[in-house]
Amino acid sequence: MTALSTEHLSALAQQSVELPSWAFGNSGTRFRVFATPGTPRDPFEKIADAAQVHAYTRLAPVVALHIPWDRVESYDALRRHAEDLGVTLGTVNSNTFQDEDYKFGALAHHDARIRRKAIDHHLECIDIMDETGSRDLKIWLAEGSNYPGQNDMRDRQDRLQDSLQQIYARLGDEQRLVLEYKFFEPAFYHTDVPDWGTSYAQVSALGEKAMVCLDTGHHAPGTNIEFIVMQLLRLGKLGSFDFNSRFYADDDLIVGAADPFQLFRILAEVIRGGGLNNPDVAFMLDQCHNIEDKIPGQIRSVLNVQEMTARALLIDREALTAAQDANDVLAANAVVMDAFYTDVRPQLAAWREERGLAADPMAAYLASGYQQRIAEERVGGVQAGWGA
Ligand code: PSV
Ligand code: MN
Ligand code: MN
């Protein structure tokens, strides 16, 4: 069996996955939100839960915020709270999808008042980033139209660019804007940022501090996502990932649960393109745990990312290039499949123990009593925001 080398292990030791604060709140579908005992009642408790994931895996030192879901009186206090628990605050996500004013759009709206309000919301997010020490402002827009003729799509692109320019102008030297795309939903006919090409066009017109965010759940079925990863890395515009998995649409399920092979292929392109442990690429999760416990759900997620990274590192690049150069189709494919089929779990477990971690982080967390404690102590948890 191929084993992970010292070099592979040191690459894995540097791996960092950013957790979304909203994964720790209750969420659901549009049919019902099922509450989970022990759900955090405020952003401070969400950070405390995220810190548990990091404590057992040493893989998740950063927590992303969502405004207004994580609005607090003092971001400095939130920052210190995070640091006391061994994590830092990361990407700030804006929200222009839950306000009555945004029914027909926000940054691309034709009404100057509403567009101003949406731009100001993003400026507030940057103010928050200044206090939290966050680098990235992530923008996902729920904008578009439902019927042909409802809006002028081209005018909307122009207004979107203008709005983004105003936001971009407020970024500090070390800050960035990442623009996420999604092919449909909540708009069903056209979406203003439906694909990586549109996001790339919009951010390229802004400048170097603007990048694309690739959410793995935001493509049509059958899309070759690793090709997009390759292309964005090649263009130097892959700013961040939102990892999750999907069976049907934007399911937000545990990354690697629906299609571990796809996650492996994506991470293989990340490695090929120099994106692993590259500070320019943020590896975030964007998930909701509707029916399973949230902390174990996040532990499972980061371990899935680690396992598929380890397998992707095992691809024998020399053998692969030789087979490719010889047009040996089956040999080239076999090199990739050999790596994918290697079970890295025993080696990762042993390696964790060497670093003072439990061999099985999930079992260790479940045995710790934390889940029972929060279930007893916290009554009346908040929703992740989707229903709030
Ligand atoms: C909605 O599709 C969404 O899941 C986007 O992926 C955002 O990243 C996320 O919500 C949080 O705003
Ligand atoms: Mn996302
Ligand atoms: Mn999504």
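Predicted model: local features only at pLDDT ≥ 70, side-chain atom pairs only at ≥ 80, totals over all residues.

Student: Is Phe34 buried or exposed?
Tutor: Phe34 lies in the loop between β1 (18–20) and α2 (43–57). The limit for an exposed residue is 12 or fewer other C-beta atoms within 10 Å, and Phe34 has 10 of them, so Phe34 is exposed.

Student: Which residues does Phe34 touch, not counting residues up to four places away in sequence?
Tutor: Contact here requires C-beta atoms within 7 Å of one another. Once residues up to four places away in sequence are set aside, the residues that Phe34 touches are Gly28, Asn290 and Ile291.

Student: How far apart in space are Phe34 and Ala220, C-alpha to C-alpha?
Tutor: Along the sequence, Phe34 and Ala220 are 186 residues apart. In space, taken from C-alpha to C-alpha, the separation of Phe34 and Ala220 is 28 Å.

Student: Which elements do the buried residues of α8 pack against?
Tutor: Helix α8 covers residues 260–272, and its 13 residues reach 18 Å from the first C-alpha to the last, close to the 18 Å expected at 1.5 Å a residue. Its buried residues are Leu263, Phe264, Arg265, Ile266, Leu267, Ala268, Glu269 and Val270. These buried residues of α8 pack against α7 (225–234), α9 (294–313) and α11 (329–340).

Student: Which residue just after α8 takes a positive phi?
Tutor: The helix itself runs over residues 260–272. Just after α8, a positive phi of about 75° is taken by Gly274.

Student: How many charged residues does the shell around ligand 1 have?
Tutor: Ligand 1 is surrounded by Asn93, Trp140, Glu180, Lys182, Asp215, Asp242, Asp250, Asp252 and Asp286. Sorted by class, this shell has 1 nonpolar residue and 1 polar residue, and its charged residues number 7.

Student: What radius of gyration does the protein have, and what would a compact globule have?
Tutor: The C-alpha atoms of the protein, taken along the principal axes, fill a box of roughly 65 × 60 × 40 Å. With 388 residues, a compact globule would have a radius of gyration near 21 Å, and the value for the protein agrees with this, at 21 Å.

Student: What is the mean pLDDT of the protein?
Tutor: The model scores ipTM 0.98 and pTM 0.97. As for confidence by residue, 99% of the residues reach 70 or more, and the mean pLDDT is 97.

Technical notes. Residues numbered from 1 in each chain as written. Chains lettered and ligands numbered in written order. Near = placed C-beta within 6 Å. Nonpolar A, V, L, I, M, F, W, Y, C, P; charged D, E, K, R; others polar. Helix = DSSP H or I, 4+ residues; strand = E, 2+ residues; numbered from the N terminus. Expected span 1.5 Å × (residues − 1). Buried ≥ 20, exposed ≤ 12 C-beta atoms within 10 Å, placed from the backbone. Contact = placed C-beta atoms within 7 Å. pLDDT = per-residue confidence, 0-100. Rg over C-alpha atoms; globule rule 2.2 N^0.38 Å.
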